[in-house]
Amino acid sequence: MATTKHWSKMQERGTYFGMKTLLFCYRILGRTGLSIILYPVIVYLYFTGGESKKASLNYLGKIAKRKGSSKQPGHREGIKHFYTFAQGAFDKIDAWTGKISIDQVAYDYCDKFRQVLETDQGAVFIGSHLGNLEVCRTLSVGKYKTRINVLVFTHHAIEFNKIMQKINPNVNVNFIQVSDVGVDLAILLKQRVEAGEKVVIVGDRTSTTSPGRVVYADFLGQQAPFSQGPFILASLLECPVYYLFCLKDGDKYRLIFEHVSDKLKFARKTRQADIGELINQYAQRLEHFCLQYPYQWFNFFDFWQEDHKVERKK
């Protein structure tokens, strides 16, 4: 199998200063004005994107093939993918600054989602880089006392969210930067879950320190590596587990909330098979929504050909 760089080894484009500049321009020009000015910048970033550009076209090609289309995506589709990602940053700013109202959000299983946020029981939400979880995080402002702990894997994610929390410090969200899902992290989160807090972790990123701890699952017609970590962590926390997606639908947002288990348990004899089955289920749900919202999956690296340096686990 051909190998490419692990996602964590790819250089992030942008700086803390650049993020603050973006926010400043957003405040001065507004979303529409900045979107117009930003478009040529996005085109430049696309054509100089190297691996990101290649990965985007590869992913969009798999989407087209899965939908039965013989037409291969070109630069127009690739630029649209990059531009949608930039618009997602604006959605985050809108969410943090309170410009997104409840009326703009359509819920799948709204009552259940509200019930989970209102209860004192801890829970794990397994999300992804599909759509915009920021909208979910900020909708709880002033409504629910429960704290949401969000696990993030990149330095830029932490910096961006620091900026956003300065804008709206009332959002009861705690960001935890992690490099691996280990014992220390599990103990910390166990304490917080037992205190009734919620934990959000994405399931479509492999570990930065143990990239070989994966299960290969069929995703858009090809076997792709999914980390075992989020699912093992969810079982260790011994609390309800849900899938969570928030997708842009025109000018509105669709929040999808799906129950996975009241408490994940993996029997010792069938542990690996049970984890594999759960990851395959997650991959199927991620594919289902990627096919509906293809430009909103923001993984700009070769998701199928990562370098894991170990024998793949099935």
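User: Where does Leu220 lie, and what is phi of Leu220 near?

Analyst: In this predicted model, Leu220 lies in the loop between strand E6 (214–219) and strand E7 (222–227). As a general idea, most residues other than glycine have a negative phi. Leu220 has a phi near 55 degrees, which is positive in a residue other than glycine.

User: Is Leu220 buried or exposed?

Analyst: The cut-off for buried is under 20% relative accessible area. Leu220 has a relative accessible area of 4%, so Leu220 is buried.

User: How many residues of helix H8 itself are buried?

Analyst: A helix can be read residue by residue. Helix H8 (residues 229–236) is mostly covered, with seven of its eight residues buried. The buried ones are Gly229, Pro230, Phe231, Ile232, Leu233, Ala234 and Ser235. For the chain, 53% of the 314 residues count as buried.

User: What does the side chain of Asn149 join by polar contacts?

Analyst: A polar contact is read from the two partners and the distance. The side chain of Asn149 has a polar contact of 2.9 Å with the side chain of Arg192, and one of 2.8 Å with the side chain of Glu197. Asn149 is found in strand E3 (residues 148–152). Asn149 counts as buried because its relative accessibility is 0%. Leaving aside neighbours within four places in sequence, Asn149 is in contact with Asn174, Ile176, Arg192, Glu197, Lys198, Val199 and Val200.

User: Which side chain makes a polar contact with the side chain of Arg254, and which residues does Arg254 touch?

Analyst: The side chain of Gln292 makes that polar contact with Arg254, at 3.1 Å. Arg254 has its place in strand E9 (residues 252–261). Not counting residues up to four places away in sequence, Arg254 touches Ala106, Asp108, Phe245, Cys246, Leu247, Asp249, Phe289, Gln292 and Tyr293.

User: Which backbone oxygen does the side chain of Thr48 reach, and which backbone oxygen lies 2.7 Å from the side chain of Thr84?

Analyst: The side chain of Thr48 reaches the backbone oxygen of Tyr44 at 2.8 Å. Thr48 has its place in the loop between H1 and helix H2 (51–66), and is partly exposed because its relative accessible area is 37%. For Thr84, found in helix H3 (residues 75–96), the backbone oxygen of Lys80 lies 2.7 Å from a polar atom of the side chain.

User: How many residues apart in sequence are Thr84 and Trp297?

Analyst: Sequence separation and spatial distance are read together. Thr84 and Trp297 are 213 residues apart in sequence and 9.4 Å apart in space, C-alpha to C-alpha. Not counting residues up to four places away in sequence, Thr84 touches Tyr295, Gln296 and Phe298. For the chain, among contacts between residues at least 6 apart in sequence, 79% join residues at least 24 apart.

User: Which residues make the nonpolar surface patch?

Analyst: Phe24, Ile28, Leu29, Ile36 and Ile37 make a nonpolar surface patch of about 540 Å². Phe24 lies in helix H1 (residues 16–47), and counts as exposed because its relative accessibility is 53%. The chain has an accessible surface of about 15,200 Å², of which 52% belongs to carbon and sulfur atoms.

User: Where is confidence lowest and where is it highest?

Analyst: Confidence is read first for the chain, then by segment. The mean pLDDT is 82, and 78% of the residues reach 70 or more. The chain has nine helices and nine strands. Confidence is lowest in helix H6 (residues 155–167), at a mean of 64, and highest in helix H9 (residues 271–292), at 96. Over residues 6–11 pLDDT stays under 50, and the model has 20 contacts beyond four places in sequence for them. Residues 308–314 also stay under 50, with 19 such contacts.

Terms used
Residues numbered from 1 in each chain as written. Predicted model: local features only at pLDDT ≥ 70, side-chain atom pairs only at ≥ 80, totals over all residues. Heavy atoms only, no water. Patch = residues over 30% accessible without salt bridge, like charges linked within 9 Å, V, L, I, M, F, W, Y side chains within 5 Å. Areas by Shrake-Rupley, 256 points an atom, 1.4 Å probe, with all protein chains shown as cover. Salt bridge = Lys/Arg side-chain N within 4 Å of Asp/Glu carboxyl O. Helix = DSSP H or I, 4+ residues; strand = E, 2+ residues; numbered from the N terminus. Buried < 20%, exposed > 50% of the residue type's maximum accessible area, 1.4 Å probe, protein only. Polar contact = N/O pair within 3.5 Å; in protein donor to acceptor, adjacent residues only side chain to side chain. pLDDT = per-residue confidence, 0-100. Contact = heavy atoms within 4.5 Å.
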